[in-house]
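Student: Could you take a close look at the salt bridges for me, and explain where the partners sit and how they are placed?

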Amino acid sequence: MACQIYAYDYEGFLPFNVIKAYALYIGHMLFYWECCFSMQLHKIELTLHTAKARGSSTAFHLYCRHSPSFVLLKERRKSMKINKLTASVILFIILFATGCHKGNSPQTVVTLSGSTSMEEVIQALSEGFTEQNPDIAVIPQFSGSSQGIRDAAEGKADIGISSRELYAGEKASLDAVTVAVDGIAVIVHPDNPITDLTFQQLSDIYTGNIRNWKEAGGTDSPIVVIGRDTASGTRTAFEELLGISGQCTYGQEKDSSGGIKIAVEATPEAIGYVSLEAADANKKTKKISLEGVEASEEKIHSGEYFLSRPLLMVTRKGEQLQPEAQLFLDYVLSGEGQEIIQSQSLIPIT
């Protein structure tokens with residue numbers, strides 16, 4: 001039976017499809033849920049309260065238009081601490097266990113966890129996959145490459161998604177498949193006159209040896225150095241490619257490429273790094289070239305641009321994926337999947 005899902009975040013009702021209604025808005029770790037089945041109102045109301053680190057809370061409501069052919073039931077759970085991936089799965093089970101889905105057939109879940117830099121391409125791949133496989137729901141969570149690798153290793157996710165290579169210790173228990181290649185673009189504020197940096201200048205800026213833009217040919221102003229947090233695969237790859245792992249002196253650390261873009265947009269003296277896809281999608285910051293080479297798909301493919309890294313899908317070593325998860329991985333590596341990857345300003349592997 002078809003139904004319409006709405007999400008209410010105190011700013012208005014927004015239509016979602018049945019898969020995305022819960023997956024894109026889960027806040028942080030602490031929550032309780034209350035599910036009410038009402039014959040009188042002909043709706044299912046699911047309320048998710050998220051308690052954020054600063055102590056404030058946000059309520060998230062899902063309303064499902066449904067037939068009144070069920071018994072009145074009200075259930076409440078006490079607060080419990082779980083991660084965002086588990087929260088997504090719980091909400092998925094609640095929605096589909098109550099019959100609120102498109103069609104009458106149940107859906108199988110494929111869970112992904114990892115790199116925030118891969119969010120756009122994973123969403124695009126998931127949409128393409130579910131168009132062909134409507135009975136399989138792909139649930140991604142984006143908490144950073146290191147978290148995704150841990151989730152795959154611990155069996156909390158079918159597939160981990162990583163924008164960095166596996167460490168030696170991780171390779172003992174995990175297998176990695178390269179699904180694309182991405183560049184790391186260095187961005188500055190559009191008003192910054194700098195258009196190019198050398199390898200050494202970039203390294204010196206991030207290690208604190210250059211602290212003023214005039215030392216790199218710019219204006220007399222202090223440099224605001226912005227980077228990703230320690231869970232980020234982009235940060236790991238950036239520092240390793242420059243040979244400065246563990247030596248960087250960040251003025252600000254952000255948990256996503258979006259956070260870096262916003263900070264650079266608002267700070268004329270800032271410098272940051274994001275995935276090439278994120279840089280190309282943003283017109284409020286400026287990409288700069290490195291050693292005279294532009295950050296572009298063509299230059300990355302030719303090997304001229306030195307800040308590039310593989311994008312991986314990670315699974316547990318020696319264990320067979322569930323058929324639906326394997327089907328999704330095969331789709332990503334297929335011609336259609338690689339075309340989607342290329343459409344997202346990434347370099348396909350085939």
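Tutor: A salt bridge is a side-chain nitrogen of Lys or Arg within 4 Å of a carboxyl oxygen of Asp or Glu. Side chains of opposite charge can pair when their charged atoms come close. The model is predicted, so local features need pLDDT of at least 70 and side-chain atom pairs count only at pLDDT 80 or more, while totals for chains, interfaces and linings use all residues. Residues are numbered from 1 along each chain as its sequence is written, and side-chain values use heavy atoms, with hydrogens and water left out.

The structure holds 8 salt bridges, and one of them joins Arg 309 to Asp 182, with the closest N and O atoms 3.2 Å apart. Arg 309 lies in strand E17 (residues 308–316) and Asp 182 in strand E11, so this pair ties together parts that are 127 residues apart in sequence. Helices (H or I, at least four residues) and strands (E, at least two) are DSSP runs, numbered from the N terminus. Arg 309 counts as buried at 3% relative accessibility, and Asp 182 is buried as well, with a relative accessible area of 2%. Here buried means under 20% relative accessible area, exposed means over 50%, and partly exposed lies in between, using a 1.4 Å probe and protein chains only.

Another of the salt bridges is formed by Arg 235 and Glu 253, whose closest N and O atoms are 3.3 Å apart. Arg 235 is in helix H7 and Glu 253 in strand E14 (residues 252–254), so that the pair links distant parts of the chain, 18 residues apart. Arg 235 counts as buried at 13% relative accessibility, whereas Glu 253, at 45%, counts as partly exposed. Salt bridges that share partners join Arg 235, Glu 239 and Glu 253 into one network.

Arg 164 forms a salt bridge with Glu 170, and the closest N and O atoms of this pair are 2.9 Å apart. Both Arg 164 and Glu 170 are buried.

The side chain of Asp 151 does make a polar contact with the side chain of Ser 113, at 2.6 Å. A polar contact is a pair of N or O atoms within 3.5 Å; within protein, one must be able to donate a hydrogen and the other to accept it, and residues adjacent in sequence count only if both atoms are side-chain atoms.
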